[in-house]
Amino acid sequence: MNLRRVASLLAWSLLGVIAYSTLSPLDLRPHMGSSVQIERFGAFGLTGLMFAVAYPRRLPSVLTIVLAAAVGLEFMQMLAADRHARLIDLAVKVAGGGCGVAAGWLLVRQCQRSRPEITGINRHAKLRG
């Protein structure tokens, strides 16, 4: 299994965990012990990073998926009786997702330059590698 497949599996799994954490009742929500805003930023940042590594040739789509997930999940909280949607929470999630996608893009770009066999992308080929 190559790096891109592992990253894809992790990205979609993380998005599922984020959806569960965002929409579940507060007493069932996992806590890491740090600030809730740091948890949100980190969760969306890691998810964005994994999506960017998994789909390096589709960065506009990756960014759309991560940001749409942040917006959609925040709005879906309005349907839950014990949850609330706040603009600051959305801003932290969007910032984390955007930073994660940017970090993933930089990581893939650096790996392509130094070790193209790791990413599975031949930057000189016109076809997908």
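Modeller: Residues are numbered from 1 along each chain as its sequence is written, and side-chain values use heavy atoms, without hydrogens or water. As the model is predicted, local features need pLDDT of at least 70 and side-chain atom pairs pLDDT 80 or more, while totals for chains, interfaces and linings use all residues.

Biologist: Why are α1 and α2 called roughly antiparallel?

Modeller: The axes of helix α1 (residues 3–23) and α2 cross at roughly 150 degrees. Angles over 145 degrees count as roughly antiparallel, so α1 and α2 are roughly antiparallel to each other.

Biologist: Good! What makes residues of α1 and α2 count as meeting?

Modeller: Contact means heavy atoms within 4.5 Å. Among the residues of α1 that meet α2 are L3, W12 and I18, and the α2 side includes F44, M50 and A54. By class, this contact of α1 with α2 has 15 nonpolar, two polar and one charged residues.

Biologist: How close do the axes of α2 and α4 come?

Modeller: The axes of helix α2 (residues 36–54) and helix α4 (residues 87–114) come within 6 Å and cross at roughly 35 degrees. The contact of α2 with α4 has 14 nonpolar, seven polar and three charged residues.

Biologist: And which helix gives the most to the lining of the largest pocket?

Modeller: That is α2, with eight residues.

Note on methods
Axes are lines fitted to C-alpha atoms, for helices over the stretch in contact, and angles run from 0 to 180 degrees between N-to-C directions. Helices (H or I, at least four residues) and strands (E, at least two) are DSSP runs, numbered from the N terminus. Ala, Val, Leu, Ile, Met, Phe, Trp, Tyr, Cys and Pro count as nonpolar, Asp, Glu, Lys and Arg as charged, and the others, Gly among them, as polar. Angles under 35 degrees count as roughly parallel, over 145 as roughly antiparallel, 65 to 115 as roughly perpendicular and the rest as oblique.
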